[in-house]
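I opened this notebook to record what I looked up in a structure, and in what order. The coordinates come first and the entries after them.

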Amino acid sequence: MAKQLVERPFVAEQGRAGQGRAGQREGFRCPNSRRILTDMIGELRSVVLDCPDPDSLASFYEQLLGMERIINEDDWVALQKTGGGIRVAFQQVDDYTPPQWPGQVVPQQSHFDIRVDDLDAGEAQVLAIGARDAGYREDDFRVFLDPAGHPFCLVS
């Protein structure tokens, strides 16, 4: 049975949620909200990307994230680290249109931030496995496109 969402008003005098002060309600404070959530509804299982070819895009992310295939069908491939954790999955979409970044004609809707120890080394590695440079970078991150055109960032 799923846990129920329990809402309690956030009382400013009690401090911020999660600090554990005496008299403080435990839980998570929702951004831009005056409530604390004490139970989660569910647990994130997968992040799913639409694409024209799940097999080839999964191959790219296998190398990028060091994950293994746990589901390998023609129209759906799922990856996961050995031992479990969040899955990254790819579903086939007919007439797929990749997002345009930074434009908003076809917005990106979501993207991965992937932490690396060395941005230069990380850049060389993702380009070698098929990423394309999106042409945007700052001191602590760089934007790339995966083989299906989804933006992702390498961050330090």
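**Entry 1. Basis.**
I worked from a predicted model, in which local features need pLDDT of at least 70 and side-chain atom pairs count only at pLDDT 80 or more, whereas totals for chains, interfaces and linings use all residues. Residues are numbered from 1 along each chain as its sequence is written, and side-chain values use heavy atoms, with hydrogens and water left out.

**Entry 2. Overall make-up.**
I found 2 helices and 11 strands in the protein. I took both from DSSP runs (helices: H or I, at least four residues; strands: E, at least two), numbered from the N terminus. Along the sequence I read the pattern β-β-β-β-α-β-β-β-β-α-β-β-β.

I then looked up burial, where buried means under 20% relative accessible area, exposed over 50% and partly exposed in between (1.4 Å probe, protein chains only). Of the 156 residues in the protein, 31% are buried. The accessible surface comes to about 10100 Å², and 48% of it belongs to carbon and sulfur atoms; the areas come from the Shrake-Rupley method with a 1.4 Å probe, and for residues only the protein chains shown count as cover.

For contacts (heavy atoms within 4.5 Å), I considered pairs with a separation of 6 or more: residues 24 or more positions apart account for 45% of these.

**Entry 3. The four-stranded sheet.**
In which order do the strands of the open sheet of 4 strands lie? I read the order β8-β11-β10-β9, with mixed pairing. Two strands pair if DSSP finds at least two bridges between them. β8 (112–115) and β9 (132–138) stand at the edges with a single partner strand each, so one side of each has no neighbour in the sheet. On average, neighbouring strands of this sheet are turned by 25 degrees against each other, direction ignored.

I went through the pairings in turn. β8 and β11 run parallel and are joined by 4 bridges; Arg 115 has Val 155 in β11 as its bridge partner. Strand β10 (residues 141–145) pairs with strand β11 (residues 151–155) in the antiparallel sense over 5 bridges. On that side, Phe 141 is bridged to Val 155 and Arg 142 to Leu 154. β9 and β10 also run antiparallel, with 5 bridges, and here Arg 137 stands opposite Arg 142.

I noted two hairpins. The one formed by β9 and β10 has 2 residues between the strands. The one formed by β10 and β11 has 5 residues between them, and Gly 149 there takes a positive phi near 95 degrees.

**Entry 4**

For β10, 4 of the 5 residues are buried, so the strand is largely enclosed by the rest of the structure. I took Val 143, which is found in this strand, for a closer look. Val 143 counts as buried at 3% relative accessibility. Leaving aside neighbours within four places in sequence, its contacts include Trp 101, Tyr 136, Phe 152 and Cys 153. Val 143 and Trp 101 are 42 residues apart along the chain, with their C-alpha atoms separated by 9.3 Å.

**Entry 5. Helix α1.**
Helix α1 (residues 54–65) has 12 residues and reaches 16 Å from its first C-alpha to its last, close to the 16 Å expected at 1.5 Å a residue; the expected span is 1.5 Å times one less than the number of residues. I listed its buried residues as Pro 54, Leu 57, Ala 58, Phe 60, Tyr 61 and Leu 64. Seen down the axis, they fall within an arc of 155 degrees, so they line one face of α1; the arc is that of the directions from the helix axis to the C-beta atoms. Gly 66 follows α1, with a positive phi near 65 degrees.

**Entry 6. Helix α2.**
Which residues of α2 are buried? I found Leu 119, Gly 122, Glu 123 and Val 126. Among what covers the buried residues of α2 are α1, β9, β10 and β11.

Terms used: Axes fitted to C-alpha atoms, helices over the stretch in contact; angles between N-to-C directions.
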